[in-house]
Structures are given as C-alpha cells and as structure tokens.
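My notes follow in the order I looked things up.

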Amino acid sequence: MNKLPWHTKLVLALVIFLPLYFMIAALGTKFGLWSWLTGLVAMTFTAGIWLVGIVAAVALVSLIIAIIKKPRNKLAMGVAGIGLLVPAGFAGLGAAAAGTGAENPIHDVSTDTADPPAFSLETMNARNESLSNPLSDYQTPLGEINMFEGTAPELAIKSHAQIINDTYANLSPLPLGGASKADAVAAVAAAMGNMGLSDIRSDVEAGRVEGVAETFWFGFKDDVVARVGDAEIDFRSVSRVGRSDLGANAERIAELRELVAQQIGQR
C-alpha cells in the first residue's frame, strides 16, 4: 500500500467511500435521521451525481498518470480502472432507475380503476401523520394534480385510470369462485404476511384487508388494501412519498394476487 502513488490511494479511498455514501443516504432516511427529500433527492440524486462524476474524473486522471509515468505501475492502473468501473456502475443504475421511473409515472395502482378500494380511517390517519401524498382521483388528468406539475404534455392529459389500463393491462380483480368472504379475507391476510407486510388489519364485515410494505434501503412505506366483494377481490397499493414507484406497486399487487389465488384455488 505504501508503494502506491498518492493519486492511486485517493482513487482507492473514493472507490470505498462511494458505496458507503449511498448506503448512508439510504439508511439515514430509513431510520429517520433526515427526510426522504434529503436522503433520496438531495444526497442520492443531486449530490450523488456530482460525487460519481468526481470519482470518475479522479480515476481517469490517475489512469493517465499511471500510463504516462515510467516505469508503469500495473497495480495503479488496475485501481484506476476499478475507479472508472465503480462510478460507471452507479451511473448505469441511476439511468436504469430513471428509465423505469419514466415507464411507471404514478405511485397509486389498483385493479379497479373506476372505483379503487378505499383505505380505512386508521390508514388515512397514518398517511396524514407521515405527511404522505394525498390520494388522487383516478379520473383526473395528471396535469391537473399539483404533484405532477411539469409532467410531459403527452402524459399530463392522461388520468391514473388510463395509465393503469395502458401500463398494467395484465392486472385484474381475482374471482372469488366458491370461497367465502371470510376465507378470502383470511387468505389475503396470510398472503400479506408471507410477503413481509406489517401492520396487517382485517375487517371481515367490511371485506377489507390492509397492510404496510416497506423498502429495505430507504424504508419507504406503501399502503396496501384488498377489497373482498361478493364475486371478486380488488387490490390497491399506494406509495406514501415520491411521484413514481418504479413499478413496485403493480409488482406487489401481481404477487399478492397470485398468492391469494393459490390459497383460494382461483386464477
């Protein structure tokens, strides 16, 4: 280590620091050390982009020095190469996330776009206490919703219902078949538990099951509700913060639907 040039040691330190920085930004958000706007927007995207660029620039300079200076230090060249690959990897992840966000522009998804399942007062109070996104009317164009201000014109004219029907066409209610309402409620609650949801609450009389999903890194919470009707079960999953859910809510509904279908013998 002592034989390494100073610029190589700097690259090595930055390569170690970069993933630690993003972990701190995420876990600090999860454990309430700062808000999600600070952890995700300010630290991860804004400052993170600059940090990735700085690490790549320092690694590039180090590589050039290692190539030009005689005798060439192969270890220094290797560290510089890693110093270029690591930020490139983070940049690729960021670009992929941006692309996924563009493909999934909303954070509220339901199998019933005409009458999405409603949350209980308890869940709405929890959302209000955590300063969550307000629930949007599914028929209102995004351009008329404050949080979607600045949305591209071709998207602004579409409502949640249109976007869900276009983007998640495979999502559909689950037929009850011969299952009773009580059995279906129990099946949904069990499926939510198997998926790792917390704060699961069942109301057989209302035909409603609710739970809370939480992401590992940032600790973002999504509220999930299933409405058990006379003939079918509808599902809804809504993120508390952020504009795009990166497709997580639709994937969660699909998984929940499949698990419940297996338990009640339907498709």
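**Strands.** I began with strand S4 (residues 208-214), which is joined to S5 by seven bridges, the two running antiparallel. I count strands as paired if DSSP finds at least two bridges between them. Helices (H or I, at least four residues) and strands (E, at least two) are DSSP runs, numbered from the N terminus. This is a predicted model, so I note that local features need pLDDT of at least 70, side-chain atom pairs count only at pLDDT 80 or more, and totals for chains, interfaces and linings use all residues. Residues are numbered from 1 along each chain as its sequence is written, and side-chain values use heavy atoms, with hydrogens and water left out.

Which residue stands opposite aspartate 222 of S5? I found alanine 213 there. The hairpin of S4 and S5 has six residues between the strands, and glycine 219 in this hairpin takes a positive phi near 70°.

I then followed S5 to its other partner. Seven bridges join S5 to strand S6 (residues 232-239), again antiparallel. Arginine 227 has aspartate 234 in S6 as its bridge partner. Three residues lie between S5 and S6 in their hairpin.

I checked how covered S5 (residues 221-228) is: six of its eight residues are buried. Buried means under 20% relative accessible area, exposed over 50%, and partly exposed in between (1.4 Å probe, protein chains only).

**Cores.** A nonpolar core here is a set of buried Ala, Val, Leu, Ile, Met, Phe, Trp, Tyr and Cys residues joined through side-chain atoms within 4.5 Å. The largest one has 36 residues, and Ile233, Phe235, Leu256 and Val260 have the most contacts inside it. At least two residues of this core come from each of helix H6 (160-167), helix H7 (181-194), S4, S5, S6 and helix H8 (248-264). H7 gives the most, seven residues.

I looked up what leucine 256 touches, leaving out residues up to four places away in sequence. The list is Val188, Ala191, Met192, Met195, Val224 and Phe235, with contact meaning heavy atoms within 4.5 Å.

**Rings.** Rings of Phe, Tyr and Trp (its six-membered ring) pair if their centres lie within 6.5 Å; planes under 30 degrees apart count as stacked, over 60 as edge-to-face and the rest as tilted. I get six aromatic pairs by this rule. Tyrosine 21 and phenylalanine 22 are edge-to-face, because their planes stand at 75°, with centres 5.5 Å apart. Both tyrosine 21 and phenylalanine 22 are buried. Ring pairs link Phe17, Tyr21, Phe22 and Phe90 into a cluster.

Phenylalanine 216 and tryptophan 217 are also edge-to-face, with centres 5.0 Å apart and planes at 85°. Phenylalanine 216 is exposed at 56% relative accessible area, and tryptophan 217 is partly exposed at 40%. Lysine 30 lies over the face of phenylalanine 216, 4.7 Å from the ring centre. The rule asks for NZ of Lys or CZ of Arg within 6 Å of the ring centre and within 35 degrees of the ring normal.

**Backbone.** Most residues other than glycine have a negative phi, and most peptide bonds are trans. I therefore noted leucine 131, not a glycine, with a positive phi of about 55°, and exposed at 73% relative accessibility. Aspartate 199, in strand S3 (residues 198-203), has a positive phi of about 50°. The peptide bond from lysine 70 to proline 71 is cis, with omega near -5°.
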